Amino acid sequence: MRMRWENLPQPLRADMETYLGAVVKAESRAIGPARCVTARLLHESGAGTWLKACPADHPAAWLYERERQAGRILPIVVPAPRMPWSSADHGWIALAHTYVDGSPAVLSPGSRDVPGVLATIARLGDLLTPCPPGVPPLSSYITRMLAKAYAMLDDDSALPKGDRAMYRAALDGLDVAGLEGDTLLHYEMHTGAFRMVGRSVFVLDWGFACQGATWFDAVMFTPWLISAGHPPQQAENSLMDMREWRSAPGDLVTGLAALWTLFRLYKAVYGPESARAGYQSEARAGYTWLKHRLA
């Protein structure tokens, strides 16, 4: 069931309007989990807000709370929408960000957006180190992904025998302790996480924010470039100007390529049916990257 702005509890709407001003127009969007609300709001002041809200008892509520906490600690210098209001009252987790009226970044080869996105990723390492307190470690995500990766490897019918050996060899080089660090990471810098306003780049959706190695976000942007059409060598070459990429240990990069791919293969089998084709496409990009690194 898709929820709308009007379906939110009246006290919650009143709290937000008291702080941000009366809503004169609401455009609810059919994105996000069922029973949650995503809406673009126009206030009487003329300001625009991007609202996301989720019932506190929803399985995805932790993700909304994580993004809410990230919005409260992101330094003002970070190119991300500001979060002027949020709430955990009335049985909902709700957060309102300043609406960024731009367009999604295009990451295909030759796109004018790619240099700006790469420069923004490079800046974040400096802007988000040291990490503010209270942010969960990157390892909390990686260990869950590893469990799913090994579930795929232990299923003899899930992968060709030769691929299982390749994945296991790559994962043997993935020392989780090597991912520790003192940088606030976005973690999930997929194509939709970047918004272009002219030549300026804004980074959205900080719901997976965590603490880890400075180089992680730069490295894990590689499969998204490949997914957008860049050959693996070209994708890696485009990152070579970043000291974050250059400082990443090669065995960890290869292990993460295997992990990224196996996790998406797992989700392509066990994830929501509507999302399986997308995960399968992403897994193909990851597989191409891994084969390149092992060549």
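User: Is Thr-120 buried or exposed?

Analyst: Thr-120 counts as buried because its relative accessibility is 7%; buried means under 20% relative accessible area, exposed over 50%, and partly exposed in between, with a 1.4 Å probe and protein chains only. This is a predicted model, where local features need pLDDT of at least 70 and side-chain atom pairs count only at pLDDT 80 or more, while totals for chains, interfaces and linings use all residues. Residues are numbered from 1 along each chain as its sequence is written, and side-chain values use heavy atoms, with hydrogens and water left out.

User: Where is Thr-120 placed, and what is Thr-120 in contact with?

Analyst: Thr-120 is in helix 3 (residues 113–127). Helices (H or I, at least four residues) and strands (E, at least two) are DSSP runs, numbered from the N terminus. Leaving aside neighbours within four places in sequence, Thr-120 is in contact (heavy atoms within 4.5 Å) with Pro-79, Val-201 and Val-203.

User: How is the protein divided into domains?

Analyst: Domain 1 covers 5–98 and domain 2 covers 103–294, with bounds from an automatic or database domain assignment. Taken over C-alpha atoms, their centres are 27 Å apart. To the contact, domain 1 gives 14 residues and domain 2 gives 19 residues.

User: How much area is buried between domain 1 and domain 2?

Analyst: About 1400 Å², with 72% of it from carbon and sulfur atoms. Buried area is the accessible area (1.4 Å probe) that two parts lose on being put together, summed over both. On the domain 1 side, Arg-66, Ile-73 and Pro-79 lose the most area to domain 2, together 39% of what that side buries.

User: How many salt bridges are there between domain 1 and domain 2?

Analyst: The count is one; a salt bridge is a side-chain nitrogen of Lys or Arg within 4 Å of a carboxyl oxygen of Asp or Glu. Lys-52 forms a salt bridge with Asp-205, and their closest N and O atoms are 3.6 Å apart. Helix 2 (residues 61–73) gives the most to the domain 1 side that touches domain 2, with six residues.

User: Switching to strand 3: which strands is it joined to?

Analyst: Strand 3 (residues 48–55) runs antiparallel to strand 2 (residues 37–43), with six bridges, and antiparallel to strand 5 (residues 92–98), with seven bridges. Two strands pair if DSSP finds at least two bridges between them. Leu-42 stands opposite Gly-48, and Leu-51 stands opposite Ala-96.

User: How many of its residues are buried?

Analyst: In strand 3, seven of the eight residues are buried.
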